[in-house]
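Please look at the sequence and the structure shown here before reading on. The report then takes up a few features in turn.

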Amino acid sequence: MASSLTCTGVIWALLSFLCAATSCVGFFMPYWLWGSQLGKPVSFGTFRRCSYPVHDESRQMMVMVEECGRYASFQGIPSAEWRICTVVTGLGCGLLLLVALTALMGCCVSELISRTVGRVAGGIQFLGGKCEIGWAYYCTGAGAASAMLLCTWLACFSGKKQKQYPY
């Protein structure tokens, strides 16, 4: 199978996929912030939460639901800033995944990734990597930072030099 990537490009493709997977796992997990409420440990991420209070109509008091789940709707996310964070981080993770999958396809398809395409992909990783306190938060940030710094640099050397055809 022909590849359009140099040896550095293959490392870039694999590292890009690892960074994208790390960022996506961190984005989907509800362990961004930790704390306690009503004597119970609670945690939440951008669109998921664990152990949250609800008003019990029969007892007329707040009780803790001790399970993890998504918010009932997008509007159920606590603040406008947190909703914006959800959208921006999700788009960033999506871009990182798109570039990583394209780079992995470059391992199998000849002339898919040129030096110019590699540099554009690195630029997309730099922009998508600007995602910004639990382990999931650090997981998302570490994956994004790795993609932004290391993968961007490796992308510049990923494509093979294109053959110059006389026509």
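Predicted model: local features only at pLDDT ≥ 70, side-chain atom pairs only at ≥ 80, totals over all residues.

Residues are numbered from 1 along each chain as its sequence is written, and side-chain values use heavy atoms, with hydrogens and water left out.

Helix H1, residues 7–28, has 22 residues and reaches 32 Å from its first C-alpha to its last, close to the 32 Å expected at 1.5 Å a residue; helices here are DSSP runs of H or I with at least four residues, and strands are runs of E with at least two. The expected span is 1.5 Å times one less than the number of residues. Among the buried residues of H1 are Gly9, Trp12, Ala13, Ser16 and Cys19, where buried means under 20% relative accessible area and exposed over 50%, with a 1.4 Å probe and protein chains only. Seen down the axis of H1, its buried residues fall within an arc of 165°, so they line one face of the helix; the arc is that of the directions from the helix axis to the C-beta atoms. On the other side of H1, Cys7, Leu14 and Leu18 are exposed.

An unreviewed UniProt entry places the feature "transmembrane region" at residues 12–34, 84–105 and 135–157, and such annotations may be inferred rather than shown by experiment.

| Span | Distance between end C-alpha atoms | Helix and strand |
|---|---|---|
| Residues 12–34 | 34 Å | 74% helix, 9% strand |
| Residues 84–105 | 32 Å | 100% helix, 0% strand |
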